[in-house]
Amino acid sequence: MTSMTTTSGKDFFTVINERKSVRKYDPNVSISKEELRDIIEMAGKAPSAWNLQHWHFVVIHGKAAQQRLYPIAYHQQQILDASAVIAVLGDLEANRNTDAVYDPLVQEGQMAKETKERIAQQIEMAYTNKQYARDAAFENASLAAMQLMLAATAKGWATCPIGGFDVNQFKQAFPISDRYIPIMLITIGKSISPAHRTTRLPVEAITTWVEQ
């Protein structure tokens, strides 16, 4: 098996234009834990409500683990051929991150204790609403997922987001706490075939201008 490590000096707009959903990978190319860690670290810099970072990543890395995932993802070949699969989970209890996020700021003198306590109260109030917690988990974890794919593209890897998998089976096969909800899978590897050609709607079709 070939190990592939990549670096890139691509500018942002090149990365945006190069990112495609690739479904055919070279099964003989591996990716290191260090490379995956770097990509996940970049994904974790995504914005989030109250900076609670409503995401968790389950890295399925290795052919045995990917074989376990294969039937759960409806026997999609890319699950087996990718160098790794990253499951993006949304945090339904991201309010539990409040102290970890804000206490360092208070300790460093960057935030008043009273400000932190006021924010904490706002967060706890929001999280009494289960629908809000679910919506926030999906919205914010999706921001991190997109950033993950862009980071991988910048480093020369191909990716594909997958929504087609059995969520309940996934949670059983890869024991997932009820705190988290699976959002999507992302395959990552070395492309051996171009992505399907796609079209994009024109700006005029997706934009409403309000100027008064």
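User: How many bridges join strand 5 to strand 6?
Analyst: In this predicted model, 5 bridges join strand 5 to strand 6 (residues 180–189), and the two run antiparallel. Strands (E, at least two residues) and helices (H or I, at least four) are DSSP runs numbered from the N terminus. Two strands pair if DSSP finds at least two bridges between them.

User: Which residue of strand 6 does Cys160 stand opposite?
Analyst: Cys160 stands opposite Thr187 in strand 6.

User: What is the strand order of the open sheet?
Analyst: The open sheet has 4 strands in the order 3-4-6-5, with antiparallel pairing. Strand 3 (55–60) and strand 5 (158–162) are at the edges; each has a single partner strand, so one side of each is left without a neighbour in the sheet. On average, neighbouring strands of this sheet are turned by 25 degrees against each other, direction ignored.

User: Which helix lies across strand 3, strand 4 and strand 6?
Analyst: Helix 2 (residues 33–43) lies across strand 3, strand 4 (84–91) and strand 6, and runs at about 160 degrees to strand 3. Axes are lines fitted to C-alpha atoms, for helices over the stretch in contact, and angles run from 0 to 180 degrees between N-to-C directions. Contact means heavy atoms within 4.5 Å.

User: At what angle do helix 2 and helix 7 cross?
Analyst: The axes of helix 2 and helix 7 (residues 130–154) come within 8 Å and cross at roughly 135 degrees. That makes helix 2 oblique to helix 7. Angles under 35 degrees count as roughly parallel, over 145 as roughly antiparallel, 65 to 115 as roughly perpendicular and the rest as oblique.

User: Which residues meet there?
Analyst: Ile39, Ile40, Met42 and Ala43 in helix 2 meet Ala144, Gln147, Leu148, Ala151 and Ala152 in helix 7. By class, this contact of helix 2 with helix 7 has 8 nonpolar, 1 polar and no charged residues. Ala, Val, Leu, Ile, Met, Phe, Trp, Tyr, Cys and Pro count as nonpolar, Asp, Glu, Lys and Arg as charged, and the others, Gly among them, as polar.

User: What about helix 5 and helix 6: at what angle do they cross?
Analyst: The axes of helix 5 (residues 98–107) and helix 6 (residues 113–126) come within 10 Å and cross at roughly 165 degrees. The two helices are therefore roughly antiparallel to each other. Helix 5 contributes Thr98, Asp99, Tyr102, Asp103 and Val106 to the contact, and helix 6 contributes Lys113, Lys116, Ile119, Ala120 and Ile123. These residues divide into 5 nonpolar, 1 polar and 4 charged.

User: Where is Tyr74, and what is its phi?
Analyst: Tyr74 is in the loop between helix 3 (63–72) and helix 4 (77–81). Phi of Tyr74 is near 55 degrees, a positive value in a residue other than glycine. His75 is in the loop between helix 3 and helix 4, with a positive phi of about 60 degrees although it is not a glycine.

User: Where does UniProt place the domain?
Analyst: The unreviewed UniProt entry places the feature "domain: Nitroreductase" at residues 16–190. UniProt positions are given in the numbering used here, feature names are shortened, and annotations may be inferred rather than shown by experiment. The end C-alpha atoms of residues 16–190 lie 18 Å apart, and the span is 49% helix and 18% strand.

User: What rules apply to the numbering and the values?
Analyst: Residues are numbered from 1 along each chain as its sequence is written, and side-chain values use heavy atoms, with hydrogens and water left out. Local features need pLDDT of at least 70 and side-chain atom pairs count only at pLDDT 80 or more, whereas totals for chains, interfaces and linings use all residues.
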